[in-house]
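Keep the model open while reading.

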Amino acid sequence: MFDLLTLVTFLPLLGVLALFAVRSEMFRKVGALAVSLMTFVVSLFLLVNWNPMEPGGFAREVQFNWFPEIGLSFHLGVDGISLWLVLLTTFMMPIAVAFSNLYVKDRIGQHLILLLLLETALIGVFLALDLVLFFVFFEFTLIPMYFLIGQWGSENREYAAIKFVMYTLLGSAFMLVAVVSVYALTGTFSIMEITRVLPATAGIGFQTLGFLAFVLAFAVKIPLFPFHTWLPDAHVQAPTAGSIMLASLLLKMGAYGIFRLAIPFFPAAAAELLVYVILLALAGIVYGGLVALQQKDVKSLVAYSSVAHMGFIVLGLFVFNTQGVSGAILQMINHGLSTGALFLMVGFLYERRHTRRFADFGGLWKSIPVYCAFFLIIAMSSAGLPGLNGFVGEFSILMGAYAVNPGYALVASVGVVLAAWYLLTAYRKLAQGEIVHQENRADVLSDLNSQELSMLVPVVVMCFALGLFPNLLLDKIVPAVELWLPGR
């Protein structure tokens, strides 16, 4: 039970208990940051003695009986896919905590407790190898995110929080029915055992219904077009730390669920219906880009960019070849870094000007050049500029899609053009031109300080590192993908 995987998962929860024991806001701030940094350091030990063993390709596992009467077990495992999602979680959480420590003034203790609870739930999702355990962690993420949006969000926060929960719960209701049906057919909740047994025992009718139920739940979370309408509201209304975690990690739960559960459980149905999912992904890529171009609010633009980028990831997952799927997994990490950093930078700007409207800015390069330089780097990372992290993932997805159908790659490449268009347009509206509003003058508006740079620089370093050395991740992703590929 007391394995490294268990420690990584529940260390943030132990931190929550510690925060409850103290009343000083300063101690809570220091304690939450220390726990999040400690969790990141501990998670790095997952890389030590990495030796994935077949058939599941898991380098580490821990399992003990939970409710043996019905076959439930506490079962965690890490492979070349879940490893990087766990490390992304533990890497981004200290940044979210540090931002909150700097700028959240109201009930900071409760805010930090919710962030740490969210971290445990996210890590649990990426490590769970028991279907019920996965479902419990998956649903538990709703609780801290609901309160983060509803209590610390903007003017329409309650509406956005309720919409977020209702959309997710509706999708999860279908998944719960499918989980029970899978157990009734296989007699187990073990994800690896279900992957081995279910495709050989379930007919195409059962597979189709099960696949649709799981995909609907995960499509809402991704969000896949046209199930995306909760996302802009949630992002725009959420506090900055909530937006960082939502973009970097909560959306990835949907794509990870498709990879780990929906396709391996129901490969025949996935093969039959993949064209329809790909068409929705392509529609999301183009739609998200076109709508992002029309936004007057910088945070809303970044939110719609997520719809487009997550469409790329779904496209890569469903082309069913090594290039496409590996690119999709890599792009999950890239998108988490780039979009999380964009929301972080929007938060820095909002704390200075208390507005996110493009019309209220212009000429910022003259007053806050360091901020504008970092914004340009992150924007280019998100747009997929060669040398930065976004390029390799998108290029691999396009190559994988082209191998299946050149038309898919052609439509998806329109999304690449749109991404460069709306991100450069955003940069032009914020940074270039003349200073029209006096609030943007250099003697009024301060540039990034050392605390803000300490949050931003690590992300920028990772954007360059993964752009120049993508094999740091791909060396572990590709073998895991090749084990997973349908029909291997």
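## Helices H4 and H6

The model here is predicted. In it, the axes of helix H4 (residues 108-127) and helix H6 (residues 142-152) cross at roughly 150°. H4 and H6 are therefore roughly antiparallel to each other. Their axes come within 9 Å. The crossing of H4 with H6 is left-handed.

Which residues meet here? H4 supplies Gln 110, His 111, Leu 114, Leu 115, Leu 117 and Leu 118. H6 supplies Pro 144, Met 145, Phe 147, Leu 148 and Trp 152. By class, the contact of H4 with H6 has 9 nonpolar and 2 polar residues, with no charged residues.

## Helices H14 and H20

Helix H14 (residues 322-353) and helix H20 (residues 471-484) also make a contact. Their axes come within 9 Å and cross at roughly 130°. H14 and H20 are therefore oblique to each other. The crossing of H14 and H20 is right-handed.

On the H14 side, the contact uses Thr 322, Val 325, Ser 326, Ile 329, Leu 330 and Ile 333. On the H20 side are Leu 473, Leu 474, Ile 477, Val 478, Val 481, Glu 482 and Trp 484. By class, the contact of H14 with H20 has 10 nonpolar residues, 2 polar and 1 charged.

## Thr 322

Thr 322 is found in helix H14 and is part of the contact with H20. Is Thr 322 buried, partly exposed or exposed? Its relative accessibility is 26%, so Thr 322 counts as partly exposed.

Val 481 lies 159 residues from Thr 322 along the chain. Their C-alpha atoms are separated by 6.6 Å. Leaving aside neighbours within four places in sequence, Thr 322 is in contact with Gly 327, Val 478, Val 481, Glu 482 and Leu 485.

His 309 sits in helix H13 (residues 298-318). Its relative accessibility is 3%, so His 309 counts as buried. What does His 309 touch? Not counting residues up to four places away in sequence, His 309 touches His 335, Ser 382, Glu 394 and Tyr 422.

Leu 430 belongs to helix H18 (residues 406-431). Leu 430 counts as buried, at 3% relative accessibility. Setting aside neighbours within four places in sequence, Leu 430 is in contact with Val 298, Leu 349, Phe 358, Phe 361, Gly 362, Gly 363, Leu 364 and Phe 375. Tyr 287 is 143 residues from Leu 430 along the chain. The C-alpha atoms of Leu 430 and Tyr 287 are separated by 23 Å.

## Cysteines

How many disulfides are there? A disulfide needs two cysteine sulfur atoms within 2.5 Å. By this rule the model has 0 disulfides. Cys 372 is in no disulfide. The cysteine sulfur nearest to that of Cys 372 belongs to Cys 463, 18 Å away.

Terms used: Residues are numbered from 1 along each chain as its sequence is written. This is a predicted model: local features need pLDDT of at least 70, side-chain atom pairs count only at pLDDT 80 or more; totals for chains, interfaces and linings use all residues. Side-chain values use heavy atoms; hydrogens and water are left out. Axes are lines fitted to C-alpha atoms, for helices over the stretch in contact, and angles run from 0 to 180 degrees between N-to-C directions. Helices (H or I, at least four residues) and strands (E, at least two) are DSSP runs, numbered from the N terminus. Angles under 35 degrees count as roughly parallel, over 145 as roughly antiparallel, 65 to 115 as roughly perpendicular and the rest as oblique. A crossing is left-handed if the near helix is turned anticlockwise from the far one by less than a right angle, and right-handed if clockwise. Contact means heavy atoms within 4.5 Å. Ala, Val, Leu, Ile, Met, Phe, Trp, Tyr, Cys and Pro count as nonpolar, Asp, Glu, Lys and Arg as charged, and the others, Gly among them, as polar. Buried means under 20% relative accessible area, exposed over 50%, partly exposed in between (1.4 Å probe, protein chains only).
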